[in-house]
Amino acid sequence: MTKRFFFPAGVALLLAACSTVQSPQDRLTVNDQKIDAIIAQMTLEEKVEMLHSKTNMSSAGVERLGIADMHYADGPFGIREEGQPNGFMSAGWTLDSATYFPTGSALAATWSKEMAYLYGTGMGTEARLRGKDVILGPAVNIQRLPVGGRTYEYLSEDPILSAALALEYTKGVQDKGTAVCIKHFAVNNQETNRGSVDAQLDERTLREIYLKPFERAVIEGGAMSVMPAYNKVNGDYCSENEHLLNEILRGEWGFKGFTVSDWGGTHSTMGAMLHGLNVQMTGSNYLGQPVIDSIATGALTEALVDEKVRQILRVRFAIEAVPEDVANTKMTSQPECQDIAKKVAERSIVLLKNEGMLPIAKEVKKIAVIGQNAVLKTQSGGMGAGVKALYEVTPLEGIRKRAGADVEVTYAPGYKNFPGRRWGPAPAEPNPLEAAAIDEPADPALLTEAVALAKDADLVIFFGGTNKSIETEGSDRQNIDLPTGQNEVVAALHEANPKLVTVLISGGPTDLRQLEPVSPAIVQGWWNGTEGGTALAEVLFGDIAPSGKLPFTFPARLEDSPAYAMGNFPDPNGAGGDLFSLMFRPDVLKMSPEERQKFIDSLPKPVSKYTERFYVGYRWFDTKDVKPMYAFGHGLSYVEFEYDDLKAVVGKDAVKISFKLENEGSMPADEVVQLYVHRIDSKVEWPAKELKAFQHVSLAAGETKVVNLEIPLKDLRYWNETTNAWDLEHGKLQLLLGSASDDIRETAEVTI
């Protein structure tokens with residue numbers, strides 16, 4: 001007989017009962033008296049069982065007291081298929097196919113708080129169908145490096161944009177009765193040596209740039225759990241970092257939920273117990289029997305264990321457990337969630353360049369689609385998060401369906417695909433469309449075939465970019481070059497037929513210095529989820545106007561980006577093996593626990609110095625007057641927008657502005673308005689400009705709207721390292737209103 005676990009309230013009842021509490025975090029404490037009564041009935045062994053993994057994706061409750069286990073769902077862009085209890089290998093279920101949502105950088109390219117909230121509701125809905133209590137996401141770290149292996153998972157190089165989207169994602173998930181586990185806290189900006197690197201940075205940079213998305217999700221969104229990152233910050237591992245976990249997260253931000261380590265990211269018993277970790281994932285070698293032993297010797301107290309259990313149970317009470325006979329009885333992927341994925345994809349597509357090639361003209365009757373990225377699926381691949389999608393519409397499928405019977409669409413692979421590291425057995429026969437090296441030159445036979453199709457077409461659409469093996473958790477890219485001879489292919493296509501559109505399918509930026517001069521139109525198409533091909537076709541054919549904006553800078557040269565320009569990356573000592581992948585390496589698994597720890601301790605202990613400070617992304621390019629390939633916030637439309645009548649006033653708590661925005665085109669279109677600030681005659685060091693407000697605005701053809709924006713005065717503060725507190729500098733501000741960081745349309749001055 002299936003056991004059912006009952007809890008006093010679900011999230012809706014919990015919120016209704018807490019209308020008088022002061023913050024979203026305080027909502028977690030309303031059941032503390034009941035929780036304390038439960039803790040009083042628990043044995044020490046039962047309490048400690050809750051502090052570590054039970055299976056690869058769960059931690060224990062207390063069955064005899066009706067406390068259900070905590071079940072985790074890997075994310076953050078789709079509920080991962082069910083794995084075997086002690087690993088990530090598929091359990092072979094049939095109802096765990098989920099909706100593949102656009103990845104993090106695609107969501108960020110919408111610049112839409114509404115889309116971030118809807119995205120969260122979709123994730124929360126499908127997590128409940130699977131019986132999951134906690135989603136391991138959103139992933140909100142700042143994109144410091146163009147080569148970052150998890151750029152596709154993260155949101156933006158800007159803290160204001162990332163924070164706004166992280167907040168809405170969090171609210172969306174938790175409004176559906178699932179907890180978020182916001183990650184990776186904090187300063188997780190590289191995959192190279194991520195398990196041992198010490199990110200060293202000053203307090204102002206930490207506060208203003210790298211903590212901002214976490215801060216808003218925790219304080220305003222009420223994020224119920226937090227995942228410390230693998231890396232160290234200023235000398236201490238994040239899973240036992242007193243400053244991050246106890247002083248800031250719990251102390252200053254008032255966090256009342258629980259922390260769970262990244263898989264394999266716990267490093268000691270005393271460090272974790274004393275400095276803020278609640279749950280070790282996976283294993284019990286630190287937060288298992290050693291905790292009981294430490295209490296026996298007096299090194300730890302049972303009261304400390306009680307507090308950690310209390311924090312876990314707060315979330316357990318807030319999130320109603322799904323009974324086993326209810327979970328996994330419906331297909332995970334739901335039509336309403338597929339629709340959300342489509343809406344996000346439609347708004348994420350960025351038109352980088354357009355010299356009259358788009359939208360596709362009605363006169364076009366023959367289209368040559370060239371490039372394997374038109375047919376390769378992106379729901380999984382490489383190492384890390386992936387989705388067993390119920391379906392995925394590829395770009396070629398989307399184009400063919402939208403083109404209809406009157407338009408002939410031909411296809412050629414054009415170049416070989418680089419498969420990267422294989423995680424399963426090698427294929428019995430080599431794949432003739434796979435390259436042996438990432439920098440392998442264009443294949444002559446494939447190139448000849450592609451050129452022949454191009455010459456015979458009215459329009460050529462070249463699909464380039466990367467794949468999920470090139471941009472992957474566990475390693476950073478060596479460069480941002482287009483792989484496997486793609487530049488050679490696109491140059492030959494342009495020579496054969498100058499009516500050429502390039503669509504880049506990638507999670508992060510690519511080097512476009514060779515491609516840009518020979519491609520009259522360029523589109524950034526992202527890894528855009530289950531309906532990605534449908535959304536892309538709608539934009540290419542002009543059913544909808546593109547409205548996506550770049551959430552990070554596309555540098556002209558990798559060496560122009562700040563961490564490279566300052567010599568802070570890459571580490572000259574190279575990579576020393578990834579901590580997570582070591583957990584599954586056969587040779588490491590054969591070691592005794594003592595040998596394994598000795599091996600891990602022998603890995604390089606590199607330092608990453610953040611001497612570029614808060615000059616991240618566009619802040620660096622604008623301040624140093626370095627011209628990028630495409631600027632932060634850049635994105636064209638099929639219409640022109642007129643900005644006019646900017647007015648600004650300083651209120652008690654915010655700078656309030658209003659202006660008129662007109663769609664001067666003949667079709668409906670969305671614009672993302674962006675408000676930056678520049679400090680005039682400041683005594684404090686600042687970047688040349690900083691984003692402080694934005695809004696995604698929809699306009700009918702010819703429509704004019706009055707748009708209102710606010711900059712809270714708290715978002716104009718800086719971290720004063722002398723007083724170790726937030727401070728507001730008084731003086732003049734120049735307000736810069738525009739369509740991109742390098743496309744300012746209106747300015748005004750105010751005095752704070």
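This is a predicted model: local features need pLDDT of at least 70, side-chain atom pairs count only at pLDDT 80 or more; totals for chains, interfaces and linings use all residues.

Student: OK. Over how many bridges do β8 and β9 pair?
Tutor: Over 2 bridges, in the antiparallel sense. Strand β8 covers residues 232-233.

Student: Which residue in β9 is the bridge partner of K232?
Tutor: Y237 is the partner of K232 there.

Student: What sheet do they sit in?
Tutor: An open sheet of 4 strands, with mixed pairing. The order runs β9-β8-β6-β17.

Student: Which are the edge strands?
Tutor: β9 (236-237) and β17 (607-609). Each of them pairs on one side only.

Student: Switching to β20. In what sense do β20 and β21 pair?
Tutor: Antiparallel, over 9 bridges. β20 spans residues 669-680.

Student: What stands opposite L675 in β21?
Tutor: A693.

Student: Is β21 enclosed or open, and why?
Tutor: Largely enclosed by the rest of the structure, because 8 of its 10 residues are buried. The strand runs over residues 690-699. Buried here means under 20% relative accessible area.

Student: New topic: charge. Which residues gather in the negative patch on the surface?
Tutor: E640, E642, D644 and E664.

Student: Where is D644 placed?
Tutor: In strand β18, residues 641-650.

Student: And is D644 exposed or only partly exposed?
Tutor: Partly exposed, because its relative accessibility is 41%. Exposed would need over 50%.

Methods:
Residues are numbered from 1 along each chain as its sequence is written. Side-chain values use heavy atoms; hydrogens and water are left out. Two strands pair if DSSP finds at least two bridges between them. Patches are made of residues with over 30% relative accessible area and no salt bridge: like charges are joined within 9 Å, nonpolar side chains (Val, Leu, Ile, Met, Phe, Trp, Tyr) within 5 Å. Accessible areas come from the Shrake-Rupley method with a 1.4 Å probe; for residues, only the protein chains shown count as cover. A salt bridge is a side-chain nitrogen of Lys or Arg within 4 Å of a carboxyl oxygen of Asp or Glu. Lys and Arg count as positive and Asp and Glu as negative; His and the chain ends are not counted. The place of a charge is taken as NZ of Lys, CZ of Arg, CG of Asp or CD of Glu. Buried means under 20% relative accessible area, exposed over 50%, partly exposed in between (1.4 Å probe, protein chains only).
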